[in-house]
Amino acid sequence: HRGALKAKRPTVAVLATGCDRIYPPENNTLASEILKHNGALVSELLPQTAPRRQNFAFRNRIISGLSLGVLVVEAPQDSGALLTASHALKQNREIFAIPARIVDISSLGTLRLIQQGAKLVLSPKDILEELPPFSALAETMLPVSSNLQQERLNGYDEEEKKVVEALSAGELDSSTIARLTKIPVQQVTAILLKLQLKGRVAALPGNRFELKTHH
């Protein structure tokens, strides 16, 4: 949360208590900062609910549900982080894990996740390449020249143009394209098929799509 605040980005804190009971109490200042910077405090528990151990595990399924993926940095074999990863798996989220020495007891859980198919992470790039929606938010992305873009869009109807413009930011899945273009996802699927037949879009694994650069 502090990292997001430092980057001047909103962040969402999911609580294992009522929203009026910050735990531990020393996080009161952090909670205030989150709200001050357009973030949110979220809880499924009633106000005045005190911290109880079992609520933290239940809380973690909301965290994974709100996320595009879960990165497990360190986890013994029976840790809460592995429970969060289990929730993420059921919610069809990406699972990432950082490797460690096999004799490191505190990381046996992450090694087990990698063994079971979690993506091994050595740098932020390993996460970003698996989560196409982030490419649409990249501030360093250079825009396509308006004249070139217009020339490339000749011969397409308005909805096809919207889809192509969304994909100009990078690889995206159909759900993200629907959100960016405000076109129903079923319609986006049909448009993507037409664009593939026209040779403008290429389908990738994982229901992702990208523009063909040679067009």
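Reader: Which residue in β8 does V201 stand opposite?

Author: V201 stands opposite L211 in β8. The model is predicted, with local features needing pLDDT of at least 70, side-chain atom pairs counting only at pLDDT 80 or more, and totals for chains, interfaces and linings using all residues. Residues are numbered from 1 along each chain as its sequence is written, and side-chain values use heavy atoms, without hydrogens and water.

Reader: What makes β7 and β8 (residues 208-211) a pair?

Author: Two strands pair if DSSP finds at least two bridges between them. β7 and β8 have four bridges, in the antiparallel sense. So they pair.

Reader: Why are α8 and α9 called roughly perpendicular?

Author: Angles are taken between N-to-C directions and run from 0 to 180 degrees; the axes are lines fitted to C-alpha atoms, for helices over the stretch in contact. Under 35 degrees is roughly parallel, over 145 roughly antiparallel, 65 to 115 roughly perpendicular, the rest oblique. The axes of α8 (residues 158-167) and α9 (residues 174-181) cross at roughly 115°. Therefore α8 and α9 are roughly perpendicular.

Reader: What makes the contact between α8 and α9?

Author: Contact means heavy atoms within 4.5 Å. K162, V163, A166 and L167 of α8 meet I177, L180 and T181 of α9.

Reader: How do you know how α9 and α10 are oriented to each other?

Author: α9 and α10 (residues 185-197) pack at about 110°. They are therefore roughly perpendicular.

How values were computed: Helices (H or I, at least four residues) and strands (E, at least two) are DSSP runs, numbered from the N terminus.
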